[in-house]
Amino acid sequence: MIYAMSDIHGMYDKYIKMLELIEFSDDDELYVLGDVVDRGDKPVEVLLDMMKRPNVYPIIGNHELMALNVLDIMFNGETGGEQEIPIEAAMGDWLVNGGAYTIEGFAKLSYSDRTDVLDYLSEFLLCEAVDVGDKTFILVHSGFDNFSPDKKLSDYTVNDLVWHRPDPAFRYFGDESIYVVAGHTPTVTINGGNSIIHSSGNILIDCGAWYEGGRLACLCLDTMEEFYV
């Protein structure tokens, strides 16, 4: 089976319970649509578990992007590229958005493990198209900013894919067999609920795992069955 999950946000216990609930095995595949880190108290534990599983495929979210902007400089004094904003501003933005637990967990790692985690984060996919039967699921963290039906997926920038707040009623693709599966925007902020939203070819699966009263959601792409913890 092929599953999609999003916005775990450091909720390690919920993540493990979800894997148990879906009876996740080596024969299955799981796509995690970003925002693994921050807010919850065990983000690094989630990352370390995901890293051990070759059939778990991570897609980058805005929280991973914020983390990558800071962690390598903070702990190693190095950067893989030119910073878009000064490190002090990047750190401030990240802390406001719940980065403290990620910093705390990262600081406890050995130098070797830090390097492995940073390498893993830097290899997160931007988005992925998955065919299941007669359906195509486009898996992305937030949706598509600056959308055009003529664009290839490879034409979108990381910022187009991790910060957008889509209108659930907007259909991206005229072909009704194509679905966009995204997280980023908690369903409670859309309709007040904590269940997956299906609307106009959009499937929104961030059900607020770290919110009080929120849930971690998982969708089976083969059967469209929904799971909640």
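This briefing describes salt bridges, cysteines, surface patches and selected backbone positions in one structure.

The structure is a predicted model, in which local features need pLDDT of at least 70 and side-chain atom pairs count only at pLDDT 80 or more, while totals for chains, interfaces and linings use all residues. Residues are numbered from 1 along each chain as its sequence is written, and side-chain values use heavy atoms, with hydrogens and water left out. The structure holds four salt bridges and zero disulfides.

**Terms for exposure and secondary structure**

- A residue is called buried under 20% relative accessible area, exposed over 50%, and partly exposed in between, with a 1.4 Å probe and protein chains only.
- Helices (H or I, at least four residues) and strands (E, at least two) are DSSP runs, numbered from the N terminus.

**Salt bridges**

- A salt bridge is a side-chain nitrogen of Lys or Arg within 4 Å of a carboxyl oxygen of Asp or Glu.
- One of the salt bridges joins D49 to R53, with 2.6 Å between the closest N and O atoms. D49 is buried at 8% relative accessibility, whereas R53 is partly exposed at 26%.
- Another pairs K108 with E104, where the closest N and O atoms are 3.7 Å apart. K108 is exposed, with 65% relative accessibility, and E104 is partly exposed, with a relative accessible area of 44%.
- K135 forms a salt bridge with D134, and the closest N and O atoms in this pair are 3.9 Å apart. Here K135 is partly exposed at 28% relative accessible area, while D134 is exposed at 65%.

**Cysteines**

- A disulfide is defined as a pair of cysteine sulfur atoms within 2.5 Å, and the structure holds zero of them.
- For C207, the closest cysteine sulfur is that of C218, at 11 Å, which is too far for a bond. C207 is buried, with 3% relative accessible area.
- For C220, the closest cysteine sulfur is again in C218, at 7.8 Å, and this too is too far for a bond. C220 is buried at 2% relative accessibility.

**Surface patches**

- Patches consist of residues with over 30% relative accessible area and no salt bridge; like charges are joined within 9 Å, and nonpolar side chains (Val, Leu, Ile, Met, Phe, Trp, Tyr) within 5 Å.
- Lys and Arg count as positive and Asp and Glu as negative, whereas His and the chain ends are not counted. The place of a charge is taken as NZ of Lys, CZ of Arg, CG of Asp or CD of Glu.
- D113, D116, D119 and E123 form a negative surface patch. Within this group, D116 belongs to helix α6, which covers residues 111–122, and D116 is partly exposed at 37% relative accessible area.
- A nonpolar surface patch is made of V188, W210 and Y211, which together have about 240 Å² of accessible area. Accessible areas come from the Shrake-Rupley method with a 1.4 Å probe, and for residues only the protein chains shown count as cover.

**Positive phi angles**

- Most residues other than glycine have a negative phi.
- D7 has a positive phi of about 55° although it is not a glycine. D7 sits in the loop between β1 (2–5) and α1 (12–21) and is buried, at 1% relative accessibility.
- E23, likewise not a glycine, has a positive phi of about 55°. E23 is placed in the loop between α1 and β2 (29–32) and is exposed, at 63% relative accessibility.

**Buried loop residues and C-alpha separations**

- I196 belongs to the loop between α8 and β7 (197–199), where I196 is buried with 8% relative accessible area. The C-alpha atoms of I196 and L30 are separated by 17 Å, and these residues are 166 apart along the chain.
- A209 is found in the loop between β8 (202–204) and β9 (217–220) and is buried, with a relative accessible area of 1%. Between the C-alpha atoms of A209 and K52 the separation is 22 Å, and these residues are 157 apart along the chain.
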